[in-house]
Amino acid sequence: MPPIPGSGLAKGLAVTLRTMTKRTVTAQYPDVQPELPPRTRGVIGLFEENCTVCMLCARECPDWCIYIDSHKETMPAAAPGGRERSRNVLDRFAIDFALCMYCGICIEVCPFDALFWSPEFEYAETDIHELTHERDKLREWMWTVPEPPALDPAAEEPKEIAAARKAAEKLQAQEAQEAEGSQEAGGTEDIQAAREPGRAQGAPEARPGRAPEQEGRE
């Protein structure tokens, strides 16, 4: 069915009329800061202690806007006769927000939770070259990362927690079975001792074919 002539104009006027009847709200920025959702993609904060310089974030970044420099240090052996180990030490971690397209791939691929989204957005500069922020600035933004939202009570339990809970329940069941087995074994020994009080007290066993009274006379 062909569209009715003028239907598009009527729809546009309807949207205009609905907008005109709504109350206008003026955002008093910058005097009043906006209330942003917790998952706002403002900037990326760096938790330096978790970074192992694995370079996954820099390799997976489609814009190549992450710059990482590091060096290796030799760690002494933890015990006498042990082997020395080497570890990577972070020297530079910078993100060029003039190139970043806020895809979040670097945060998703980080295996040690060293990168987080921060709702901060006031990082404009007069020079585009100053939009490359170093690790000190990224660490300051780390403390503005909001707390994760509470889990939905009806949500599925995380696999890690479920596996740990099942292992703990299995261990408790094994310990309970062992305790019951030890109690049953102790109860059996008590019953046998009650049935044979002479043996329990160390009395001599009766000879076969003779009554205990005859043995006593002999």
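## Basis of the model

This is a predicted model, in which local features need pLDDT of at least 70, side-chain atom pairs count only at pLDDT 80 or more, and totals for chains, interfaces and linings use all residues. Residues are numbered from 1 along each chain as its sequence is written, and side-chain values use heavy atoms, with hydrogens and water left out.

## Overall layout

The protein chain has seven helices and five strands. Helices (H or I, at least four residues) and strands (E, at least two) are DSSP runs, numbered from the N terminus. Along the sequence their pattern is α-β-α-β-β-α-β-β-α-α-α-α.

Of the 218 residues in the protein chain, 17% are buried. Buried means under 20% relative accessible area, exposed over 50%, and partly exposed in between (1.4 Å probe, protein chains only). Among contacts (heavy atoms within 4.5 Å) with a separation of 6 or more, 70% are between residues 24 or more positions apart.

## The nonpolar core

A nonpolar core is a set of buried Ala, Val, Leu, Ile, Met, Phe, Trp, Tyr and Cys residues joined through side-chain atoms within 4.5 Å. The largest one holds 26 residues, and those touching the most other members are Ile44, Ile66, Ile68, Phe93, Ile95, Phe97 and Leu115. At least two residues of this core come from each of S1, H2, strand S2 (66–75), S3, helix H3 (105–109), S4 and H4. Not counting residues up to four places away in sequence, Ile66 touches Cys57, Ala58, Cys61, Phe93, Ala94, Ile95 and Cys106.

## Helix H4

Helix H4 covers residues 135–142, and Leu138, Trp141 and Met142 in it are buried. Seen down the axis of H4, the buried residues fall within an arc of 110 degrees, so they line one face of the helix. The arc is that of the directions from the helix axis to the C-beta atoms. The cover over these buried residues includes strand S1 (43–46), strand S3 (85–96), strand S4 (115–118) and strand S5 (132–133).

## Backbone and loops

Most residues other than glycine have a negative phi, and most peptide bonds are trans. Tyr29 and Pro30 are joined by a cis peptide bond, with omega about 10 degrees. Pro30 is placed in the loop between helix H1 (7–21) and S1.

Met55 is in the loop between S1 and H2 and has a positive phi of about 70 degrees, although Met55 is not a glycine. Val53 is buried, at a relative accessible area of 7%, whereas Met55 is partly exposed at 28%.

## The largest pocket

On a 1 Å grid over the protein atoms alone, a pocket is an open set of points where a 1.4 Å probe fits, with protein on both sides within 12 Å along at least five of seven lines; lining residues have an atom within 4 Å of a point.

The largest pocket is lined by 14 residues, and Pro38, Arg39, Ile107, Phe116 and Trp117 lie nearest its centre. H3 and S4 are the elements that give two or more residues to this lining, and S4 supplies the largest share, three residues. By type, the lining has nine nonpolar residues (Ala, Val, Leu, Ile, Met, Phe, Trp, Tyr, Cys and Pro), four charged (Asp, Glu, Lys and Arg) and one polar (the others, Gly among them).
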